[in-house]
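Please keep the sequence and the structure in view while working through them.

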Protein chains: 2
Amino acid sequence: MSDKLYKIEQVSNLTGLTKRAIRYYEDLNLIRPRRAESAYRLYTEEDVEKIKRIVSLKKSLAFSLAEIKQALELDQEVENILSEETASLATINSYMEMIRRQIKLIEEKVSQLLVTRKKFEDLLMRLSSLEEKVRKEETR
Amino acid sequence: MSDKLYKIEQVSNLTGLTKRAIRYYEDLNLIRPRRAESAYRLYTEEDVEKIKRIVSLKKSLAFSLAEIKQALELDQEVENILSEETASLATINSYMEMIRRQIKLIEEKVSQLLVTRKKFEDLLMRLSSLEEKVRKEETR
DNA sequence: CGCTCGATTAACATTAACGTCAAGGTTAAC
DNA sequence: GTTAACCTTGACGTTAATGTTAATCGAGCG
């Protein structure tokens, strides 16, 4: 089961990447889809899962200087409001909303990173078991 | 006190950025150093702190596709080792070390992000107090 | 005063990560 | 069997974030 093969546009829909980006990732050897006789790229479920993992890792990246600037400006504006104490309720609430959005963004990145960390920790534990086993066999 | 002014090379040493990058950030209006009569840029302690904050935010980013590829490859190699069970102790230990390094990297990024989140949460609480105060004054 | 070191702007170069054609094959529906 | 919708491989364009080089100016030292 699950030997379904996808063409690139479907993969694009499934992953949110553009077709161009998907081909680019192949240039970088991040993925290696097989080919039909027609030379069409054919992606397995596994390929798609791998691309989704890449997307998730990339999302925990995405902090351009422009975004950093926005965050710092938001910070500064709020500091001004706090020191002047002359803002309207509407203004205050709108800034609170903006900050909440920033916090949410950060939390998404953090949780992406934690998923990745967990994967590595699992690998570490499994390697540790293997090491113990090998060690025992050697001293046999 | 602390009205010391730095020239660009000193700032470069203090922050780890190149002079070019520092000037570029000025182009983006991320920083606004004052100028000497000679047109030399002069940076206050505050300027330097701000730049350090930018660097820290940038570091919690830094996950290029090349790095993602490395991580995925490491993952794959380890999976192979685990399934084959033929690796030497030395191999196993070296992979464990590589994984530990990846985990450390991730944890650094996470803690950077958490610092930033905490700053925003502080702002949120302070805004919340201000809101309450304003609300009371309005219904007075 | 001249020399050297460091600062300035300007401008062109580069790398990553795609976007955007163009020219041509493929597939599926009618 | 032709047309529309999708695929392919170039190849050149673009944006962010710098690197690099050139030409010029200022500062401090002997």
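**Exercise 1. The surface near DNA strand D**

By class, how many nonpolar, polar and charged residues has the surface near DNA strand D?

Solution. The model is predicted, so that local features need pLDDT of at least 70 and side-chain atom pairs count only at pLDDT 80 or more, whereas totals for chains, interfaces and linings use all residues. Residues are numbered from 1 along each chain as its sequence is written, chains are lettered from A and ligands numbered from 1 in the order in which they are written, and side-chain values use heavy atoms, with hydrogens and water left out.

Step 1. Taking a residue as near a strand if one of its heavy atoms lies within 4 Å of it, 19 residues surround DNA strand D, and the closest are Arg23(A), Arg41(A), Leu65(A), Thr18(B) and Tyr25(B).

Step 2. The surface near DNA strand D divides into 8 nonpolar, 3 polar and 8 charged residues, where Ala, Val, Leu, Ile, Met, Phe, Trp, Tyr, Cys and Pro count as nonpolar, Asp, Glu, Lys and Arg as charged, and the others, Gly among them, as polar.

Step 3. With helices (H or I, at least four residues) and strands (E, at least two) taken as DSSP runs numbered from the N terminus, helix H1 (8-15) and H2 of chain A, together with H2 of chain B, each supply at least two residues of this surface, and the largest share, 4 residues, comes from H2(B).

Step 4. Of the atoms of DNA strand D within 4 Å of the protein, 73% belong to sugar or phosphate and the rest to bases.

**Exercise 2. Arg41(B) and DNA strand C**

Which residues are the closest to DNA strand C, and with which side chain does that of Arg41(B) make a polar contact?

Solution. Step 1. DNA strand C is surrounded by 19 residues, of which the closest are Thr18(A), Tyr25(A), Arg23(B), Arg41(B) and Leu65(B).

Step 1. Arg41(B) is found in strand E2 (residues 41-42) of chain B, and a polar side-chain atom of Arg41(B) lies 2.7 Å from a phosphate oxygen of DNA strand C.

Step 2. The side chain of Arg41(B) also makes a polar contact, at 2.6 Å, with the side chain of Glu26(B); the term denotes a pair of N or O atoms within 3.5 Å, where within protein one must be able to donate a hydrogen and the other to accept it, and residues adjacent in sequence count only if both atoms are side-chain atoms.

Step 3. Phosphate oxygens of DNA strand C are also approached from chain A, at 2.6 Å by an N or O atom in the side chain of Thr18(A) and at 3.0 Å by a polar side-chain atom of Lys58(A). H2(A) gives the most to the surface near DNA strand C, with 4 residues.

**Exercise 3. The interface of chains A and B**

About how much area do chain B and chain A bury between them, and what is the count of salt bridges between these chains?

Solution. Step 1. Counting contact as heavy atoms within 4.5 Å, the interface takes 57 residues from chain B and 57 residues from chain A.

Step 1. The chains bury about 5,600 Å² between them, 79% of it on carbon and sulfur atoms, buried area being the accessible area (1.4 Å probe) that two parts lose on being put together, summed over both. In chain B, Leu65(B), Phe120(B) and Leu127(B) lose the most area to chain A, together 12% of what that side buries.

Step 2. The count between the two chains is 8 salt bridges, each a side-chain nitrogen of Lys or Arg within 4 Å of a carboxyl oxygen of Asp or Glu. Among them, Glu85(A) pairs with Lys133(B), the closest N and O atoms being 2.5 Å apart.

Step 3. Another salt bridge joins the side chains of Arg126(B) and Glu79(A) (3.2 Å, N to O), and this pair crosses between chains from helix H5 of chain B to helix H4 (residues 65-84) of chain A.
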